[in-house]
Structures are given as structure tokens and as C-alpha cells.
Amino acid sequence: MEEFDDQILIKSAETDEELCGRGYVHCTAWKEAYRGIVCDRYLDTMTVEATTARARKFPDNTLVAKDKEKVVGFAVYSASRDEDLPDAGEVDAIYVLSEYYGRKIGYRLMNEAISRLGDCKTIFVWVLEKNERAIRFYHRYGFEFDGSKREWTLGTPVTLVRMVMNRE
């Protein structure tokens, strides 16, 4: 059983410092989680400045996980953008710094994101097809593949697969 870390606070991102923390986690967690899955050249060009600018541009529906004042994880959720799931909710992103793995922070971020999606009966995520760690996490949470795939170019093409959870 993974340890539950009740010292970590899960909350809405409300300050510029929290959005900067989201930017740091975004850049760092991508480099930690996607090395060997996404083109190294692409990952090497990622900067905290660019991911922080993105966090500031899209601050809505952002949750952060904080260890005291340090942002150590984040999640972003929204109404579905997929035409074939118009009434669903989406967890657009969920990342935790690798040094915080095993503390159920991702689980707590997912719980909060899903609770904020209200009455959505269907929740989905898009995940890199080769990201086995994330796929195991989503399976444990109750998500299953629905057969949908899309290609995304991150230096080189990668395949995303959709995982869906029904809450009925």
C-alpha cells in the first residue's frame, strides 16, 4: 500500500507563484516521465519559462499540490473537447515530480479534479501509448481504453490513446 502524505495540500491555483510552480512541474515532470518515450531533442528544448507562460495563459481549472510553499504536482480539468464525448469531463493534465511518487498525490489530484467535474458521468484522459506508468495509474483508478487514438508530433510522432471512466 502506498503511503498517504497528508502534509501535501491540494488546492486551486490562485497566485502567480502557484502558476510558476505549475510551469516548473510541467517542464520537470515531462523530462522525468517522457525520456525514452518522446524525442530527446524535443524534451531538451522545453523550458520552465515556456511552460510557465502556458500556465499563466491558461490558469483556469488548475489544481496544485503543495509541500509547504513548493508546488510538487498539478492537474488541469475541463469540459470535454472531444466531439464524440460532448457531455464528458476531461482531465487534461496531471503531473507530479518524481521525488514525490508513491505518496498518492496523483490520486488526490485526480479525486479533486473529478469532483470538480460535477455531474459528468463520463471522465476521460489522453495518455501517451508508451507511458506505462501513467496507464497503470489510470487503470488502477478505473479508466479503460476505449479504442480512440490520435497522433501528436513532439519532435517525432507519438500516439495518444484515450482512456475513459464511467461514473454511473
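**Close-up views of helix and sheet packing**

**View 1. Helix α1 meets helix α3.** In this predicted model, D16, L19, C20, R22, G23, Y24, H26 and C27 of α1 touch V48, T51, T52, R54, A55 and R56 of α3 (contact: heavy atoms within 4.5 Å; helices are DSSP runs of H or I with at least four residues, strands runs of E with at least two, numbered from the N terminus). By class, this contact holds six nonpolar, four polar and four charged residues (Ala, Val, Leu, Ile, Met, Phe, Trp, Tyr, Cys and Pro count as nonpolar, Asp, Glu, Lys and Arg as charged, the others, Gly among them, as polar).

**View 2. The sheet has seven strands.** They form an open, mixed sheet ordered β1-β2-β3-β4-β5-β7-β6 (strands pair if DSSP finds at least two bridges between them). β1 (8-12) and β6 (144-154) each have a single partner strand, so one side of each lacks a neighbour in the sheet.

**View 3. β4 pairs with β5.** Strands β4 (residues 89-96) and β5 (residues 122-128) run in the parallel sense, joined over two bridges. Look for E90, whose bridge partner in β5 is F124.

**View 4. Helix α4 packs on the sheet.** Helix α4 (residues 105-116) touches β1, β2, β3, β4, β5 and β7 (156-166). Its direction makes about 155° with that of β4 (axes are lines fitted to C-alpha atoms, for helices over the stretch in contact; angles run from 0 to 180 degrees between N-to-C directions).

**Notes.** Residues are numbered from 1 along each chain as its sequence is written. Local features need pLDDT of at least 70, side-chain atom pairs count only at pLDDT 80 or more, totals for chains, interfaces and linings use all residues, and side-chain values use heavy atoms, leaving out hydrogens and water.
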